[in-house]
Structures are given as C-alpha cells and as structure tokens.
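I set out these notebook entries on a few features that I looked up in the model. The structure comes first, and my entries follow.

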Amino acid sequence: MATRAPPPPPKMSKKAFDEEKKTVKYYLKIAMEAKDFKSLSTLIEKVKKEHFDVTDEVIAAAIKMLETLKKAEVESVKYYIKLGLQNNNYEALNTSLEMAEKLKEMGVDFTKFGDTSKQVQAAQEALRKLSAEKVEYVRHFLKQGLQLNNAEILDEALKMAHKIGIKNFEQKQIDQGKERLEKLKSIANFLDMASKQEDKESLELALKKAKELSMEESKEYKLADATHKRLVARGKSFFGGGWSGRRSPSPTAKHKSRNKLKRPMVFGVSLADSILASSKTLDNEEKVPMACYVCIEHIRQNGMTTEGIFRIPGNRDNMNFLMSKFEKNETSEVKFETVHDAAGVLKQYLRRLPEPLIPFTLYKPFLNVASSTRPNEPARVNEMLELLAKAPKECRVLLEYLCRFLKDLTAYEAITKMGVNNCAIVFAPNILKPQVETQESMITDMNHTIDVMQTFIGKVDLFFPSMKKEEDVGKEPE
C-alpha cells in the first residue's frame, strides 16, 4: 500500500504548502547538481520541518545524496585528524576540529560513524597540548618583538595570539604589544611621509623619534636617512616638501618667478574666494578652483602612468611661475614642463589653504571615528558621512573631485607605486590638520589622518554618491 503524503501544517493553506514544496524541490535539484552539502542539509531540515513527503522522487534522491556527502565530509574530518595526530600538526588538528564543529551544527551525529567520536576527542586533547606549547612560543615571540622594537615580529606574534585565542595570554602583555606596534607603525609612516615630501625638518624629527625606538635597521629609517643626507648635501631645506627640483628651470621661468605677487587671489586665500577669482564648472554643475582643475586634468592626460607622481618634487621656479599665471587668471599661458610640476602646484594649493578641506572644527571628530572604528565597519562610513555633511559645500565638492581622481590613479599602482595608502600619506597632511599643529601631534595623529584619507579614497562612491542636490549630501547610502 502506497504511503500517503502527510497533511500540510495547520497554519498553511494547501496551495501555499504545494508552492513551498515546489520551491524547495527546485532548490534541492540545484544543490544536488552542485553537490552542495551545506545547502542540501539546510533544505532537508526544511523538508522535515514542513512535513513534506520524503518518498517524493526528488526529495528521496536529495536525502540519499545528503547521506553520501555526509560520509565524505566525515571522512575528510578523519583524514585531517589523522594527519594532525601523526605529524603533531597544530593547523591540521585545528582545521579538523573546526570542520567537526560545523558538521555538528548541521546535525551530523558522529556516534553513527564508527570511532569518529573517539578520534575527535583525541584531536581535542592533542590540540590542547599543542596550544599550550604554541602559547609559550608566542609569548616568547612577543617578548622578543618588544625587546627588539621589531614591528614585523610584533605584528606576527599578535596575529598568532589572536588565532590561538587572546584569553590564553596576559592582557597586559597583549596591550603592551599592540601599543608598541602602533607606535612603531606611526613612526614608520612619519619617516615614509617625510621621505616622500623631502621635508628636511620633518625628516630630522622623524629620524630622532626612530632612534629613540632603535629603528635604525628598518627600511623606512634607511630611506629617510638617505633622503635627509641628500637634502643636506644640496644645502636646501624647504619645510612642507615638494620644492626641490632636479631640472634647471627655463630662462623665462627664472625671470618670471622673481616677480612677487602683490595680492593673492588663488593661492593662500579661502577656497570660496579662490573659486570666485577663477573656477571651472564641472559636468555636475559644481565649481572647483581653476588651478586644481588644470593640474588634475593635466595629470589625467599625461601622468597617470608616471612612476613617482606626487613623490618626485616639481621644480621650484617653474612652479612659482605657473602659480603666478593662475594668480593673474592667465590660464591659457599655463604650460607644464613636467607632470611633477603640475603635481607640485596642486599640493601647494591645498597646503596653502587658510583652512583645509576638512575644517579645523571637524579634525578631532574625524580622528575619534577613525580611532574607534575598523576600516570596513559600516558605523565608520555612517559616522564620517554625518561629519562630512557639516563641511562647507565647496569643500565637499573639491574633496570629491580630488578623491575620484586619486581613486582612478590607484588603478595604475603597479606602475606608479601610488596605491590608496601612498596617496593618503601624501594628501592627508593637507586635507586634515589641526589649527595648531605641534611636532608631537604630527606623530600621534598621523596614522588616524591617513586612515581617514584612505577611507575617503577607497570608498569615494559611498561618501559622494551625488553632489547635484545639496539635501542628498550626508545621507546614508541605501
């Protein structure tokens, strides 16, 4: 006598029951074709919950395949356990137990598979012993990193500690390792930034701080030291970087650069005044300073694959001459000898703004968000969006224009060496800075300002979905 299908659950109509069954069978076919154990397991649970007919051809075939795949998954767990026990291998044992835990969560009963339960217990005991040994090793590794002030050792030791489980270590030692690593990274970033901007005073301060932490053997220190010696040999010091040039300026540029500007209209004035003096209307009908537009578009056309862009400084006299042309609104006469001159003028424009694109009042709030949230946390973007909405509109417009350009530039990182991080290192000091900047604040805040700038560049579409409507700015993206 044929088995009759059970009646549908009382809260579901016959029509809804049949539709649900049809949908489940459809997905069961897909899961069987893909031999997807997890999906099959989930769907069969639904079959049991809804009391579908297990004698149905598709459902019966799915149940049979699930049992076959279940055996294969258990065999895989047993293989890794055997491998881990034979070789006393921490990774293999840890992997096998993670797999076993996931199978248990999916309803697999190991007691139905021979001595698998005993093997799992043996693996757990072996892992406990290895964990104790590994904890001791990591403790020693962490201690060594602290003694040597070695960022790489500390970073690796902390990663291993997290993998094993922080609860196995003294919180004081973990906190000390994190604090030291953060400090070492901060000084390394400072050395890197000072080297890229060829800033003699910053280099001297960074090298001094690095020596205090015995970082002389780090690659960042060696590069900064070599850069500093080169600048000393030239006998030049241009605080702020970007002024020393390797090429001789043209005679015309030399002559013109001597003319002092009586009243700045573009460089060194507020962004709003600069736009009033000379601006370019973008496709979205927003305006940006003409000087920024010309420099960025020149680099777009000629410098997107130039190695060292924004790192190799422009020629000082050439740049002074170009800036004088922008001041006189003689844009048609602006001729760049190299893309490095265009990059240098752009950086000078941003550096000379009386108030940066992120206003002074928003500096600390942005740093607080960066220090209290992780890079990919939705909360970070949401909080930064709220803060950014408080910035003047012209600042948001120029920041979007700049960040979209930098995001495009990062696509050529393999050639230019200017990825998101390097772009952030170069531009963060000019986009986010306190009203009163001290040498100490430069070091302590640097990682966070770079972090904020990285977020702007990397998630530009989230921060600037559209600048056409004033009321849309600052809203959380859907």
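Which residues make the nonpolar surface patch of about 330 Å²? I note that the model is a predicted one. I found that Tyr26, Tyr27 and Ile30 make this patch. I then looked up Tyr26 and placed this residue in helix α1, which spans residues 14–34.

Next entry: a helix pair. I looked up how helix α12 (residues 290–302) packs with helix α17 (residues 393–409), and I recorded an angle of about 10° and axes 11 Å apart. Angles under 35 degrees count as roughly parallel, and α12 and α17 are therefore roughly parallel to each other.

I listed the residues in contact. From α12, these are Cys292, Tyr293, Ile296, Glu297, Ile299 and Arg300. They meet Leu398, Tyr401, Leu402, Arg404, Phe405 and Asp408 of α17.

Last entry: salt bridges. I noted 19 of them in the structure. One joins the side chains of Lys393 and Glu286, at 3.2 Å from N to O. I placed Lys393 in helix α17 and Glu286 in the loop between β1 (279–281) and β2 (287–289). The two residues are 107 residues apart, and I recorded the pair as a link between distant parts of the chain.

Technical notes:
Residues numbered from 1 in each chain as written. Predicted model: local features only at pLDDT ≥ 70, side-chain atom pairs only at ≥ 80, totals over all residues. Heavy atoms only, no water. Patch = residues over 30% accessible without salt bridge, like charges linked within 9 Å, V, L, I, M, F, W, Y side chains within 5 Å. Areas by Shrake-Rupley, 256 points an atom, 1.4 Å probe, with all protein chains shown as cover. Salt bridge = Lys/Arg side-chain N within 4 Å of Asp/Glu carboxyl O. Helix = DSSP H or I, 4+ residues; strand = E, 2+ residues; numbered from the N terminus. Axes fitted to C-alpha atoms, helices over the stretch in contact; angles between N-to-C directions. Parallel < 35°, antiparallel > 145°, perpendicular 65-115°, else oblique. Contact = heavy atoms within 4.5 Å.
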